Amino acid sequence: MITPLTSNLSDSTVVSRDFPMESYLADLEKVVNMDSGTEYLDGCHQVADFFVARMKGIGLSVKRLATEETGRPMLIGTNCTEEDTYDLLFVGHMDTVFPEGTAVSRPFRLDREEGMAYGAGTIDM
């Protein structure tokens, strides 16, 4: 899979100069290099663990749930722990369609000249 980052990673019209691009790319590499195929629950939980740590790291309260049918992880992160409504909602998923072993055979790769990131799940969200 291919993810276009920008035509130029320093192009401020696409990415704010304040955006921590190097930190983002390091996190993207970590997540892409985790096998998280739909049927590989250990990998899905590994991805969830990563995002729990990131959300707690910025001060969010995190609630971890699992789907009844498959046991796949779901996360709710909020700064409004006593509220029933939220100011902001991110919706996504933590699995890919790729089988276990894909992260090793097709690891994250960044081509800075092209402004492209390659690896399983890079274009999925």
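Trainee: What share of the 125 residues counts as buried?
Mentor: In this predicted model, 33% of the 125 residues count as buried.

Trainee: And how many helices and strands are there?
Mentor: The protein has three helices and five strands. Reading from the N terminus, the order of the elements is β-α-α-β-β-α-β-β.

Trainee: What part of the contacts with a separation of 6 or more comes from residues 24 or more positions apart?
Mentor: That part is 50%.

Trainee: Let's talk helices. At what angle do H1 and H2 pack?
Mentor: Helix H1, residues 21-32, packs against helix H2, residues 41-57, at about 155 degrees. Their axes are 10 Å apart.

Trainee: What does that make H1 relative to H2, roughly parallel or roughly antiparallel?
Mentor: Roughly antiparallel, because an angle over 145 degrees counts that way. As for handedness, H1 passes H2 in a right-handed crossing.

Trainee: What does Asp-27 touch?
Mentor: Setting aside neighbours within four places in sequence, Asp-27 is in contact with Phe-50 and Arg-54.

Trainee: Then tell me about Phe-50. Where is it found?
Mentor: Phe-50 belongs to helix H2. It is buried as well, with a relative accessible area of 11%. Not counting residues up to four places away in sequence, Phe-50 touches Asp-27, Lys-30, Val-31 and Met-34.

Trainee: How far is Phe-50 from Lys-30, C-alpha to C-alpha?
Mentor: The two C-alpha atoms are separated by 8.8 Å, and the residues are 20 apart along the chain.

Trainee: Which residues make up the largest nonpolar core?
Mentor: That core has six residues: Val-31, Met-34, Val-47, Ala-48, Phe-50 and Met-94. H2 gives the most to this core, with three residues. In general, nonpolar side chains tend to be buried together in soluble globular proteins.

Trainee: And what is Val-47 in contact with?
Mentor: Leaving out neighbours within four places in sequence, Val-47 has contacts with Val-31, Met-34, Ser-36 and Met-94.

Trainee: Switching to strands now. Where does Val-62 sit, and what is it in contact with?
Mentor: Val-62 is in strand S2, residues 61-66. Apart from neighbours within four places in sequence, Val-62 is in contact with Val-52, Met-55, Lys-56, Leu-75, Ile-76 and Gly-77.

Trainee: One more: is Thr-78 buried or exposed?
Mentor: Thr-78 is buried, with a relative accessible area of 11%. You will find Thr-78 in strand S3, residues 73-78.

Trainee: How far apart are the C-alpha atoms of Thr-78 and Ser-61?
Mentor: They are separated by 5.3 Å, with the two residues 17 apart along the chain.

Terms used: Residues are numbered from 1 along each chain as its sequence is written. This is a predicted model: local features need pLDDT of at least 70, side-chain atom pairs count only at pLDDT 80 or more; totals for chains, interfaces and linings use all residues. Side-chain values use heavy atoms; hydrogens and water are left out. Axes are lines fitted to C-alpha atoms, for helices over the stretch in contact, and angles run from 0 to 180 degrees between N-to-C directions. Helices (H or I, at least four residues) and strands (E, at least two) are DSSP runs, numbered from the N terminus. Angles under 35 degrees count as roughly parallel, over 145 as roughly antiparallel, 65 to 115 as roughly perpendicular and the rest as oblique. A crossing is left-handed if the near helix is turned anticlockwise from the far one by less than a right angle, and right-handed if clockwise. A nonpolar core is a set of buried Ala, Val, Leu, Ile, Met, Phe, Trp, Tyr and Cys residues joined through side-chain atoms within 4.5 Å. Buried means under 20% relative accessible area, exposed over 50%, partly exposed in between (1.4 Å probe, protein chains only). Contact means heavy atoms within 4.5 Å.
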